[in-house]
Amino acid sequence: MILVPFVFILLGHTIPAHAGLIGPGSGSATVTPATAVVDTPGTWTFVYDPDDNFTNGTIVLTVPAGWTAPQVSNPSAPGYVTATNNHTAVLTLGAAGQSVTISVDDLPEPKLVTIVYGDDSGGANPGARAVPPSTADPTSEFLIESDPTGDAPSPIADSPPVTLE
């Protein structure tokens with residue numbers, strides 16, 4: 001028996017350098033710092049790295065129960081959230097309950113979206129910081145969902161946890 005290997009040739013096609021999921025639930029995220037002290041105000045920065053181009057897409061950050069509810073309307077009030085990107089994408093934020101929804105008009109990958117929860121403007125607005133629960137729970141997972149081309153996001157594979165101390 002002779003085995004003949006098959007060779008596939010793709011002409012004019014680009015194969016992505018990463019093997020991430022494409023579509024709803026795609027991308028990865030990190031958080032800094034990855035720890036929090038119970039009942040102590042702070043600021044947490046999430047960096048979302050899409051695995052796909054965003055065109056009229058959606059990112060959702062859900063804050064765990066017990067933490068300050070996120071809000072986008074008052075930069076001096078607790079739980080203030082901002083979002084920026086390293087491209088020219090227009091980001092529109094909305095908050096309801098424990099979630100922040102970020103609408104993204106046009107963001108080609110490998111661009112990043114930075115979400116700051118408890119954004120105190122570098123210390124200028126300390127009242128905007130977010131407060132973790134008053135009791136230690138081993139970890140709090142901040143759920144991040146994405147949909148690069150619509151408004152039906154799914155959870156990414158590994159949402160970043162914050163360890164409560």
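**Close-up views of a predicted model**

**View 1. One salt bridge is found in a search of the whole structure.** A salt bridge puts a side-chain nitrogen of Lys or Arg within 4 Å of a carboxyl oxygen of Asp or Glu. Here the side chains of Arg129 and Asp120 meet, N to O, at 2.7 Å. Arg129 is partly exposed, with a relative accessible area of 28%. Asp120 is buried, at 9%. (Buried is under 20% relative accessible area, exposed over 50%, partly exposed in between; 1.4 Å probe, protein chains only.) The model is predicted: local features need pLDDT of at least 70, side-chain atom pairs count only at pLDDT 80 or more, and totals for chains, interfaces and linings use all residues. Residues are numbered from 1 along each chain as its sequence is written, and side-chain values use heavy atoms, leaving out hydrogens and water.

**View 2. Four strands make an open antiparallel sheet, ordered 1-3-8-5.** Strand 1 (28–32) and strand 5 (81–85) are the edges; each has a single partner strand, so one side of each lacks a neighbour in the sheet. Neighbouring strands are turned by 20° against each other on average, direction ignored. (Strands are DSSP runs of E, at least two residues, numbered from the N terminus; two strands pair if DSSP finds at least two bridges between them. Axes are lines fitted to C-alpha atoms.)

**View 3. Strand 5 runs antiparallel to strand 8 (residues 113–117), joined by five bridges.** Ala83 has Ile115 of strand 8 as its bridge partner. Asn85 stands opposite Val113 in strand 8. Strand 5 is mostly covered, with four of its five residues buried.

Notes
Axes fitted to C-alpha atoms, helices over the stretch in contact; angles between N-to-C directions.
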